[in-house]
Amino acid sequence: MKLLEFLQKSGCEANLARLMGEIIPRTVVKISDAIGKQGGELAGSENVYGEKQLALDVQANEIVVDELKKSGLVERLASEELEEAVAVKSSGQFTVVFDPLDGSSLVDVNFAVGSIFGVYPGGNPIGKTGDDQVAAAFAVYGPHTTLVITTKKGTHEFRLADNEEFYLTRENLRVAEDSKHFAPGNLRAAAEREDYLKLVNEWIKNGLTLRYSGGMVPDLNHIFLKGNGIFTYPGYSKAPDGKLRLLFECNPMALLMEQAGGASSDGKTRILAKKITELHQRTPIYIGSKKTVEQIENYLS
Ligand code: AHM
Ligand code: MG
């Protein structure tokens, strides 16, 4: 079944169905094409975080901005690549936040990369929480281009076909309560954090299988598709809140994860319950199988 048809049949509100079933998929098709045509060349510019941008980062961002502006559905947009939010149309129904090309430093080594999208009702998301999102999605640019989507009616996977349409491949992805796989991000923190080192050692001793690519999107996609696992990105002295962004990366992923039966936390608080205080706010994250996330909350000092 085609993505748009699936959303319509599931009773999704018409404009949200158009956004998630037509506009965002179109950006993903275009970004996928762009990745196929380019390597990891630098753009010569830096983003808000002082990180060197690739030409592809800039292009992917422009693709999403253009399509969202054309859609007529969007009040405001905010991108990991842009310092400020952009006001689009005062009568627009949604604010769309996105990381147009997550893990772009992995393009030149031909690893999978992705895009992440979160959708809030109305305007400014500052002061809201991830629970306010009405939909979220990520795209994986790997051997196949796929979209994993939620409109708060479960989490589902769709695959891009030759005709530039996405078709349902897995309905209602479920993440089990216990993990058999682990994806420990920012292991640098284990050099100074005894608690994180112990946690990772526990998983090694308990025979969990390591699956870590260095890209949050493929690493989490593994958890969604295998149906269990844990992804971690803690803070440490150099970056107390870690690296990943609440608005652009963690909230969309947390919504998709909860809709699949999993959980996510910053170590103390549910990611989706955290108040958004600034656009580029960072947060530690522990996300995946529910019991493992609970164990981490009890374990971390
Ligand atoms: P990016 O948005 O600049 O690409 O950074 C996000 C990525 C995630 O995909 C990944 O989990 C993380 O950075 C890995 O970071 P590091 O290797 O620096 O620890
Ligand atoms: Mg990112």
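**Figure 1. Polar contacts cross the interface of domain 1 and domain 2 in this predicted model.** The rule finds 17 residue pairs in polar contact across this interface, both residues at pLDDT 80 or more. A polar contact is a pair of N or O atoms within 3.5 Å; within protein, one must be able to donate a hydrogen and the other to accept it, and residues adjacent in sequence count only if both atoms are side-chain atoms. Helices (H or I, at least four residues) and strands (E, at least two) are DSSP runs, numbered from the N terminus.

Figure 2. Together the domains bury about 3,000 Å², with 64% of it on carbon and sulfur atoms. In domain 1, Tyr49, Ile116 and Phe138 lose the most area to domain 2, together 18% of what that side buries. Buried area is the accessible area (1.4 Å probe) that two parts lose on being put together, summed over both.

**Figure 3. Glu51 and Arg245 form a salt bridge.** Their side chains meet at 3.3 Å, N to O. A salt bridge is a side-chain nitrogen of Lys or Arg within 4 Å of a carboxyl oxygen of Asp or Glu. Three salt bridges are counted between the two domains.

**Figure 4. Val113 sits in strand S6.** Is Val113 buried or exposed? Val113 counts as buried because its relative accessibility is 2%. The cut-offs are under 20% relative accessible area for buried, over 50% for exposed, and partly exposed in between (1.4 Å probe, protein chains only). Beyond neighbours within four places in sequence, Val113 touches residues including Ile35, Leu101, Ala139 and Tyr141.

**Figure 5. Asn47 lies in the loop between strand S1 (42-46) and strand S2 (52-54).** Asn47 is buried, at 10% relative accessible area. Its side chain reaches the backbone nitrogen of Tyr49 at 3.0 Å. Asn47 also touches Gln53 and Glu81, not counting residues up to four places away in sequence.

**Figure 6. Salt bridges link Arg18, Glu22, Arg26, Lys30, Glu67 and Lys70 in a network.** Arg18 and Glu22 meet at 3.8 Å, N to O. Both lie in helix H2 (residues 14-37), four residues apart, about one turn of the helix. Lys30 and Glu67 meet at 2.7 Å, N to O. This pair links distant parts of the chain: Lys30 is in helix H2, Glu67 in helix H3 (residues 55-71). Lys30 is partly exposed at 36% relative accessibility, whereas Glu67 is buried at 3%.

**Notes.** Residues are numbered from 1 along each chain as its sequence is written, with chains lettered from A and ligands numbered from 1 in the order in which they are written. In this predicted model, local features need pLDDT of at least 70, side-chain atom pairs count only at pLDDT 80 or more, and totals for chains, interfaces and linings use all residues, while side-chain values use heavy atoms, leaving out hydrogens and water.

Technical notes:
Contact = heavy atoms within 4.5 Å.
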